[in-house]
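This briefing goes through a single protein chain topic by topic. Please keep the sequence and the 3D view open while reading.

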Amino acid sequence: MHRYPFTNSIWRQHDTGPLYPSLNVSESADVVVIGAGITGLVCAYELQKRGKQVTLLEALEIGHGTTGHTTAKCSVQHGSIYQKLIRHFGETVARLYYEFNAEALVYLQNQVNEGFDCDFSLEHSYLYATEPNDELVKELDAYRRLKIDGGEATEEVNHALPFTIEQALVIRNQAQFHPVKYLRELAERFVRLGGNIYEQTRAMEVSQGPRPIVTTATGRRVQANQVVIATHYPFNDLRGLYVSKFSVERSYIVACETDTDPLKGMYLSVDHNSRSYRSYVDNGKTYLLIGGEGHLAGQVTDTRSRYDRLESDAQHHFGTNRSTYRWSSQDLITLDSLPYVGQMFKREPDIFVATGFLKWGMTNGIAAGILLADQLTNRPDRFSELVSPLRTTVKPTDLPAFLKTNLDTATQFTKGAVERVLERQDVQDLQLDEGGIVQVGHRTKGVYRDLENRCHVVNLTCTHLGCTVKWNNAERTWDCPCHGSRFDAKGAVLEGPATKPLTYSKREDL
């Protein structure tokens, strides 16, 4: 039987950063930041530099979340976003979004100049299509209208890529970097300034009222003047109806070793079957990173085939070896494609959130961290209104996205109950290293049979809002198709909004 390797991110493979303790004694701080990804760490670092006493809580480990599972492109070229923003909001908003991200790139460059070690390199960013595509024509016009320093690059990309493209646009002097090295730099400098980091400390609840209290899974508490929710998907999403404001998409990346020179530049197609390309050199080895194959989170079971298609493309077009690393990430898409950064609830001025980065969390995440630090230190910031979570939730242009997102969620609730009956199988049919919905006694359960022939049994009901989880055969996880929560084979939470594990038991008798 062919064994499929467990997935592993190239960015986390050599992570030798320090382990920080878990919180075992309740404490107080000026600000509690929840989530040690790029937004949480930038925010915490900036606040600590400005004289605040900050406590940073991380449910798992630094770099374990989306920041450690990205392509790590730091660019203002976010697909064909600008023509869409002009159409929906006008040129002023579109230009502000560009500047919001451009200033984040400058911030990162300045940190590198100060000595941040994160494998940073300036690269041109290219957007291309292999077939005639009206989007790129409109996007080029948007560049001109917004005075973005970008332009036509069709001939340039045809020389760079090993297949023919129809049209391409470029924005020059963007960047790529190593995201986990960057997080480690931020964390070390934050701690040196007097900040506190607690890993393996999952926040479960944030109280309302003056000086809110964050309660962890072990019952420890941190009281602060303000709380920042930087957990990617906000775990306290039921208040303020955040649960209805996102779609959650999962996408895949493979890193294939190659004997050719590193690819110059970063590339993203706007074709129906989109692909992302960049290179990374590690210890003298050159890797080509190819991303794509996205879908709504939790709604595909055979995720291995997604990796296989990316690897096949790399070998066919670039002559690479088989993939050395495979990993995936999850992204939140807001109804209007603009992030939510700022005060989370209208009547609670001390709770802040940052989320919904439209697959571009490196620049949006840095920008969000800076903006939150400005807001919490009473510095004026011209981007506050642009990305305010309290902006009008549904505009006429957002209504189709709102209806689609919430109709899809309702469909998954119904579909999950049916699948429990139709897709269940006999537990004896599970092979080694295979999971699925099975009949255990008189009940339908989720079961994974590991390589030692032990069966791990979980309840299939997501602890967030009760949707039925599905098996992900590449990650060996149980994924929720409604709001993107993910659990490992033993039911432990890997990704929110769920905070409680699935009910679990190990069975030697199955």
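**Backbone exceptions**

A72 is buried, with a relative accessible area of 0%. The model is a predicted one. A72 lies in the loop between β2 and β3 (73-74), and its phi is positive, about 60°, although the residue is not a glycine.

- R476 is another non-glycine residue with a positive phi, here about 55°.
- R476 is located in the loop between β22 and β23, and its relative accessible area of 3% makes R476 buried.
- N453 also has a positive phi, near 70°, in the hairpin of β20 and β21, where five residues lie between the strands.

**Cysteines**

- The count of disulfides is one.
- C467 and C482 form a disulfide with an S to S distance of 2.1 Å.
- The link between C467 and C482 is right-handed, with 50° about the S-S bond.
- This pair connects distant parts of the chain, 15 residues apart: C467 sits in the loop between β21 (455-458) and β22 (470-472), and C482 in the loop between β23 (477-479) and β24 (486-488).
- C467 and C482 are both buried.
- C43 takes part in no disulfide, and the nearest cysteine sulfur, that of C74, is 17 Å away.
- Because its relative accessibility is 0%, and the cut-off for buried is under 20%, C43 counts as buried.

- Strand β1 (residues 27-34) runs parallel to β2, and four bridges join the two.
- V31 is the residue opposite V54 in β2.
- A right-handed β-α-β unit is made by β1, helix α1 (residues 38-49) and β2.
- β2 also pairs with strand β7 (residues 196-198), in the parallel sense and over three bridges.
- L57 is the residue opposite Y198 in β7.

**Strands β20 and β21**

- Strand β20 (residues 443-449) and β21 run antiparallel and are joined by four bridges.
- G446 faces V458 in β21 across this pairing.
- β21 is covered on both faces: C455 and V457 on one side, and H456 and V458 on the other, are all buried.
- C455 counts as buried because its relative accessibility is 0%.

**Nonpolar cores**

- The largest nonpolar core has 85 residues, and the members touching the most others are Y82, F177, Y182, V228 and I366.
- V228 is in contact with V31, V32, V33, I34, C43, F352, L372 and L376, leaving aside its neighbours within four places in sequence.
- There is also a second, separate core of 25 residues, whose members include Y198, V214, V243 and F345.

**Aromatic rings**

- The structure has 19 aromatic pairs.
- Y252 and Y307 make an edge-to-face pair, with 5.1 Å centre to centre and 90° between the planes.

- Y280 is part of strand β13 (residues 275-282).
- Is Y280 buried or exposed? At 7% relative accessibility, Y280 counts as buried.
- Not counting residues up to four places away in sequence, Y280 touches I10, W11, D119, H178, K181, K285, T286, Y287 and L289.
- Y280 and T130 are 150 residues apart along the chain, and their C-alpha atoms are separated by 24 Å.

Terms used
Residues are numbered from 1 along each chain as its sequence is written. This is a predicted model: local features need pLDDT of at least 70, side-chain atom pairs count only at pLDDT 80 or more; totals for chains, interfaces and linings use all residues. Side-chain values use heavy atoms; hydrogens and water are left out. A disulfide is a pair of cysteine sulfur atoms within 2.5 Å. Buried means under 20% relative accessible area, exposed over 50%, partly exposed in between (1.4 Å probe, protein chains only). A nonpolar core is a set of buried Ala, Val, Leu, Ile, Met, Phe, Trp, Tyr and Cys residues joined through side-chain atoms within 4.5 Å. Contact means heavy atoms within 4.5 Å. Rings of Phe, Tyr and Trp (its six-membered ring) pair if their centres lie within 6.5 Å; planes under 30 degrees apart count as stacked, over 60 as edge-to-face and the rest as tilted. Two strands pair if DSSP finds at least two bridges between them. A crossover is right-handed if, with the strands pointing away from the viewer, the path from the first strand over the helix to the second runs clockwise.
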